[in-house]
Amino acid sequence: MSQLKPFIELRRSILFLLLSLIGFTQLHGQSQTNERARWFVDARYGMFIHWGLYSATEGIWKGEPLRNANNYAEWIYYRNRIEKDEYLELMDRFDWESIDPEEWVLLAKRAGMKYVTLTAKHHDGFALWDSQVSDYDIAEYTQPKRDIVKELAEACQKHGLKLGLYYSHWVDWEHPYGWDHTKEIYPITAEQYDQYWQEKVMPQMRELLSNYGPIGMIWFDMWINHSESIISKEQLLQLKSLIRTLQPDCLVNSRLGLSMEEDSDIDYRTLGDNQLGTQKLDYPWQSPGTVAHSWGFHQLDTEWKSTTSLLQALIGNVSLNGNYMLNIGPKANGKVPYEISQRLLEVGQWLEVNGESIYKAEAFDLPENQHDWGKITYKEIAHGIHRLYLHVYNWPYNSQLPLTGVTTQAQKAFVLSDKLQMPLKMKHQEVLTSIELPAEQPDNLISVIVLEYDQKPEIQENLVAKTVDGGFSLKAENAFAEEGQVSRFDYERGGTIPPHVLVEDTYQLRWKLFIDEPGNYRVDASYSFQGKKSAGRLKVLGAESSLEQPFAPTGLTVGEPNSDWHIPNFSSHDLGILYFPRAGVYEISMQVEARKKLPAQFQWLWVRKVNRN
Ligand code: GLC
């Protein structure tokens with residue numbers, strides 16, 4: 001659902017300051033969580049199960065692959081225009097002897113997941129429980145009767161996992177008045193839709209909430225707001241109030257069709273499919289994700305994500321106060337594809353050792369993308385014992401891990417997977433903690449370094465972090481102040497043109513950085529300037545020194561060979577040396593003087609200690 005489009009934004013310095021203040025001071029720990037959702041927030045990781053009649057098609061119908069680029073095999077009934085009778089014949093392909101929902105629960109448990117959400121009724125309208133409301137259900141077509149919701153609920157109870165049920169309320173391809181996107185062309189009336197609602201949705205929900213013990217959450221699936229759909233807000237409120245009455249502890253996600261902003265009684269926000277978090281939120285939220293693309297089992301969908309990338313999805317979300325629900329699409333015989341179970345078990349093994357940094361952990365107060373080596377989570381593990389968990393995605397080649405912005409001195413540092421907690425050497429200077437890592441990363445996937453404190457570590461805001469390379473990359477995004485008006489380009493031509501600001505006037509940025517080693521620092525500037533002769537000026541001030549240079553023409557480069565696609569060239573220019581006499585926090589400012597007819601496109605300043613004279 002994420003739209004990767006270039007965007008241009010005009011900002012004034014006051015707005016920038018305001019936004020940075022909000023960004024830096026408000027969204028720290030997870031404060032806006034109601035009691036009902038506490039278990040969910042603590043759990044952080046769950047299993048999604050897409051399983052139904054569609055699983056038996058394996059993404060292919062009468063020799064033809066699913067008709068849609070997104071590979072969502074559970075849509076095959078709609079996409080490939082299947083007739084209901086033929087769809088039901090798929091029941092013959094199921095191997096009921098070998099289908100055992102307890103196996104899914106055991107897999108979830110071994111994978112370190114704390115809850116399981118099953119597609120009780122997906123868009124095809126087919127119920128996986130013994131429903132008295134409609135005979136379009138599994139009990140009707142099995143001998144002896146099966147009730148998958150019941151079997152799963154029992155297995156969850158037995159193994160201590162929470163049970164979630166996916167229920168497609170908006171879309172239902174079976175009921176004549178349920179929503180089916182062809183109704184955009186052949187409409188139904190609001191009254192007809194309400195008939196579906198009252199005779200299928202409400203009574204089925206009542207069954208699910210009455211007959212299967214405690215339900216941890218109902219996972220609704222409408223990815224647009226109710227105002228854009230045939231559903232009325234009243235219908236949604238009626239449904240929610242049924243849940244609140246029958247199971248007051250059951251969570252409801254925002255895909256009910258009501259955003260959390262519109263109704264603060266919604267328990268958590270569900271992002272788009274496979275959409276990971278990008279910013280801290282102080283209320284509960286979740287990303288549903290797949291190991292390849294399809295949710296339901298699809299024979300031809302084999303672009304499997306690596307275990308590391310799945311783990312990074314989980315860690316990244318937790319570092320932003322989020323939750324991750326990873327999908328399995330079992331086959332018609334109930335078995336989970338090896339490529340999925342293997343990855344889940346690998347993540348499970350990692351969690352077995354490192355789970356402390358995930359469960360009950362939350363976002364830390366530093367800005368989300370401050371460090372180029374990975375992600376941070378935080379937890380108070382016992383009264384007066386506070387830990388930061390540094391998830392090192394990029395193991396530094398020189399074994400030095402710099403953490404910028406924490407002013408409190410850590411009491412110890414160790415590798416989380418090290419049972420002996422052998423202390424790692426570290427050095428603390430004002431706002432910089434430098435940790436000496438083992439030369440090789442200890443864990444195959446992602447290693448976690450623990451920093452332990454006797455209080456919640458305090459931070460200094462607005463600092464640019466030292467990179468793994470030991471330098472500082474100063475950009476418009478990590479400046480603490482900005483003056484002047486620019487157009488901002490974050491994403492252009494598939495990322496071939498780097499993020500930059502287009503300056504047509506006088507413009508200033510200011511950064512703060514902590515210099516731990518005094519001395520000479522070289523400053524490079526990356527920009528593009530399409531003038532024919534040198535013009536405008538770029539001035540950099542830091543400590544007592546200043547550097548100045550006119551923009552030099554950078555010409556064009558080729559975006560893609562043989563495509564007649566010539567794009568502005570961004571190149572690095574040596575501005576000279578800044579001298580920092582002693583260790584401490586310094587402010588660096590940059591001024592750009594450009595003109596409307598001769599704009600400059602600024603990308604970054606790179607500041608790095610000169611080791612050789
Ligand atoms: C979408 C799809 C659906 C899938 C769901 C999972 O809404 O319509 O097939 O179940 O996303 O997040």
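**Sheets, ligand shell and backbone exceptions**

Leu401 faces Ile435, a residue of strand E17, as its opposite number. The model in which this pair is found is predicted. Five bridges join strand E14 to strand E17, which spans residues 432–436. The two strands run antiparallel. They belong to an open sheet of three strands, in the order E14-E17-E16. Pairing in this sheet is antiparallel. Strand E14 (400–404) and strand E16 (426–429) stand at the edges. Each has a single partner strand, so one side of each is left without a neighbour in the sheet. On average, neighbouring strands here are turned by 15° against each other, with direction ignored.

The other pairing in this sheet links E16 and E17. Four bridges connect these strands in the antiparallel sense. Gln429 stands opposite Leu432 of E17. E16 and E17 form a hairpin, with two residues between the strands. Glu430 lies in the turn and has a positive phi of about 50°.

A second open sheet has five strands. Their order is E11-E12-E13-E18-E15, and the pairing is antiparallel. Strand E11 (362–363) and strand E15 (412–415) form the edges, each pairing on one side only. Strand E13 covers residues 385–392, and strand E18 covers residues 447–453. Seven bridges join E13 to E18, and these two strands run antiparallel. Helix H9 (residues 307–318) lies across E11, E12 and E13. H9 runs at about 60° to strand E12, which comprises residues 374–382.

In the side chain of Glu74, an N or O atom is 2.5 Å from an oxygen atom of the ligand. For the side chain of His122, the corresponding distance from an N or O atom to a ligand oxygen is 2.8 Å. For an N or O atom in the side chain of Asp221, the distance to an oxygen atom of the ligand is 2.8 Å. The ligand taken alone exposes 310 Å², and the protein buries 98% of that area.

Two further backbone sites concern loops. Most residues other than glycine have a negative phi, and most peptide bonds are trans. Arg44 has a positive phi, near 65°, although this residue is not glycine. Arg44 sits in the loop between helix H2 (38–43) and strand E1 (45–49). The peptide bond joining Gln143 and Pro144 is cis, with omega about -5°. Pro144 belongs to the loop between strand E4 (115–121) and helix H6 (148–159).

Definitions and conventions: Residues numbered from 1 in each chain as written. Predicted model: local features only at pLDDT ≥ 70, side-chain atom pairs only at ≥ 80, totals over all residues. Heavy atoms only, no water. Pairing = 2+ DSSP bridges. Contact = heavy atoms within 4.5 Å. Axes fitted to C-alpha atoms, helices over the stretch in contact; angles between N-to-C directions. Polar contact = N/O pair within 3.5 Å; in protein donor to acceptor, adjacent residues only side chain to side chain. Areas by Shrake-Rupley, 256 points an atom, 1.4 Å probe, with all protein chains shown as cover.
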